[in-house]
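Hi,

Here is the structure I promised to pass on. Have a look at it first, and then read my notes below.

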Amino acid sequence: MRLTRRATLGLLATSPGLAAPAVWAQGRDWPNRRLRLLVPSAAGGYEVYARILAPRLAELLGQPVVVDNKPGANGIIGMQEVQRSAPDGYTFMFAHVGAISIGSSIYPNMPLDPVDDLASISVAVTSPLVWVVTPTLPFKTMPEFIAKAKAEPGQWRYGLPASGSIPHLVAEDTKIRHKLDMPAVPYRSTPQSLMAVISGEVPITVDSLGASAGHIAGGKLRALAVTSRERSEKLPDVPTMMELGLDPREWVAWYAFMAPKGTPDEVIQKLNTVINQALQEEAIATRIRELGASPRITTPAETLAFITRERTDFGAIARAGNIRVE
């Protein structure tokens with residue numbers, strides 16, 4: 001069911017915990033002009049989720065939502081721009097786990113802490129990582145690969161798609177957990193690291209399912225395990241690291257909406273409501289799942305608790321693995 005702007009406002013006015021009539025940042029008619037959805041990365045990649053959601057958010061809010069890419073420094077430049085923006089509800093951000101919960105652990109001179117210096121709205125999309133190997137190798141399962149890497153320390157290298165990324169920290173956590181001497185071979189991007197595995201330059205990597213799914217389906221990569229709690233709909237025959245007993249928790253790439261600190265709670269709640277409304281609509285949910293990801297419904301409080309916990313966990317991995325990015 002598609003909600004009109006009036007119906008959406010009526011739903012919000014009667015929701016528990018919200019005052020009626022609500023007082024928005026610019027008066028009762030917020031929003032009354034276009035909104036800017038900043039994505040702190042270059043075009044392509046995860047920003048596709050922002051572009052899937054933006055038109056529907058515009059319909060629900062009754063104003064245009066313009067996606068604006070501001071790449072640089074693993075999201076730091078874009079996040080600083082959001083931090084400096086007026087907290088009036090007209091600028092908000094869609095950013096990735098690396099920028100929000102990893103950066104403060106790996107950059108020694110991080111100029112802001114996204115958890116403390118921005119307002120949490122919603123964790124909207126999650127995507128599992130997948131361990132993949134060159135298909136000409138004999139490994140059919142992740143335990144087989146780990147046993148081989150343990151038996152031959154230093155001989156099995158992994159492709160690192162980007163220093164300080166979630167694949168980097170998940171790979172290092174796996175190395176620490178299973179006492180593996182498995183050197184990283186850094187590449188400039190996910191496509192380069194995947195091609196390195198496809199060609200046999202390195203035997204294995206871990207990266208997002210969305211980036212790897214096409215190569216897996218085409219037989220160019222073999223999937224050994226996914227890092228989510230449950231098996232992926234796109235790879236139903238591939239076990240999870242958790243069910244194999246190789247990891248006690250799930251790791252997923254995730255993407256969240258944030259706003260400038262001080263944005264009124266009423267605005268944060270309204271944005272959260274329309275984001276969740278869009279994510280539950282079949283057309284949008286289907287498009288997200290086709291990319292190997294999943295829509296996620298969260299409240300602002302749940303979002304803050306989640307990203308804070310993730311920051312703590314990634315910080316522990318960064319310290320244990322002495323991971324720093326200059």
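Leaving aside its neighbours within four places in sequence, which residues is Ser 193 in contact with? They are Gly 159, Leu 160, Pro 161, Tyr 187, Thr 205 and Asp 207, where contact means heavy atoms within 4.5 Å.

Before going on, please note that this is a predicted model, in which local features need pLDDT of at least 70 and side-chain atom pairs count only at pLDDT 80 or more, while totals for chains, interfaces and linings use all residues. Residues are numbered from 1 along each chain as its sequence is written, and side-chain values use heavy atoms, with hydrogens and water left out.

Ser 193 lies in helix 8 (residues 190-199); helices (H or I, at least four residues) and strands (E, at least two) are DSSP runs, numbered from the N terminus. Ser 193 has a relative accessible area of 0%, so it is buried (under 20% relative accessible area, 1.4 Å probe, protein chains only).

Now to the rings. Those of Phe, Tyr and Trp (its six-membered ring) pair if their centres lie within 6.5 Å; planes under 30 degrees apart count as stacked, over 60 as edge-to-face and the rest as tilted. This rule gives twelve aromatic pairs. In one of them, the centres of Phe 92 and Phe 257 are 5.9 Å apart with planes at 25°, so the pair is stacked. Because Phe 92 lies in strand 3 (residues 91-96) and Phe 257 in strand 9 (residues 252-260), the pair ties together parts 165 residues apart in sequence. Both Phe 92 and Phe 257 are buried.

Enjoy exploring!

How values were computed:
Buried means under 20% relative accessible area, exposed over 50%, partly exposed in between (1.4 Å probe, protein chains only).
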